[in-house]
Amino acid sequence: MGSATVTAIAIESPNRLRTISIGDSGYALFHVDPETKKVKLYFRSKEQFHPEGFDYPLQVGEGGKNVKESEVKVHDNMRENDIVMVYTDGYSDNVFEKKFTTCLQKLIDLKTGFITNMARAADCQARRAYILSKDKNYKSPWQEAAMDHNKHGIEWSGGHVDDISVTVA
């Protein structure tokens, strides 16, 4: 048996989500400004690692431990056209937070403020992460984290090839 990182989201009402995220998978919440139709990130879950350090995410399952360190979050400020994005670490290892809105913004209907196609939005996000993961010259978020923890002997250059899954709703 193995273990895994996990993110779970429950919709409790039209404006309320309850979430839990364990490890380095995660989620991000976005508001779409009703006037400008600009997508703005307003919450991103934080990655959780074991005390051993970098690249040892908390996990659930037989090999997982320290799950109690994860906490449930409640988001009461959801709006009608908000966007929820759930992703694995292969996405966040390769896409900087400031670029999370790029694919989403491209698919916003300027009349309604809604994403025109959720599947295309998720595909765009995943493809972007995949392309960056293969770029050996790209200074990725994972590379920055590896260099920050270089005291462990980790040296890395470029993107980080890993599992990449993205869901947009």
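**Exercise 1. Decide whether Ser21 is buried or exposed, and state which side chain it contacts.**

Step 1. Ser21 has a relative accessibility of 7%, and it therefore counts as buried. Buried denotes under 20% relative accessible area, exposed over 50%, and partly exposed in between (1.4 Å probe, protein chains only).

Step 2. The structure is a predicted model: local features need pLDDT of at least 70, side-chain atom pairs count only at pLDDT 80 or more, and totals for chains, interfaces and linings use all residues. Residues are numbered from 1 along each chain as its sequence is written, and side-chain values use heavy atoms, with hydrogens and water left out.

Step 3. Ser21 lies in strand S3. Strands (E, at least two residues) and helices (H or I, at least four) are DSSP runs, numbered from the N terminus.

Step 4. The side chain of Ser21 forms a polar contact with the side chain of Thr7, at 3.0 Å. A polar contact is a pair of N or O atoms within 3.5 Å; within protein, one must be able to donate a hydrogen and the other to accept it, and residues adjacent in sequence count only if both atoms are side-chain atoms.

**Exercise 2. Describe the sheet that contains S2, S3 and S7.**

Step 1. The sheet is open, has 3 strands in the order S2-S3-S7, and its pairing is antiparallel. Two strands pair if DSSP finds at least two bridges between them.

Step 2. Strand S2 (6-13) and strand S7 (72-75) are the edge strands, each pairing on one side only.

Step 3. Strand S3 (residues 16-22) pairs with S7 over 4 bridges, and Ile20 stands opposite Val72 in S7.

**Exercise 3. Explain why strand S4 is described as largely enclosed, and identify its partners.**

Step 1. S4 pairs in the antiparallel sense with strand S8 (residues 83-87) over 5 bridges, and Tyr87 in S8 is the bridge partner of Gly26.

Step 2. S4 also pairs in the antiparallel sense with strand S5 (residues 39-44) over 5 bridges; here Ala28 stands opposite Arg44. The hairpin of S4 and S5 has 6 residues between the strands, and in it Lys37 takes a positive phi near 65°.
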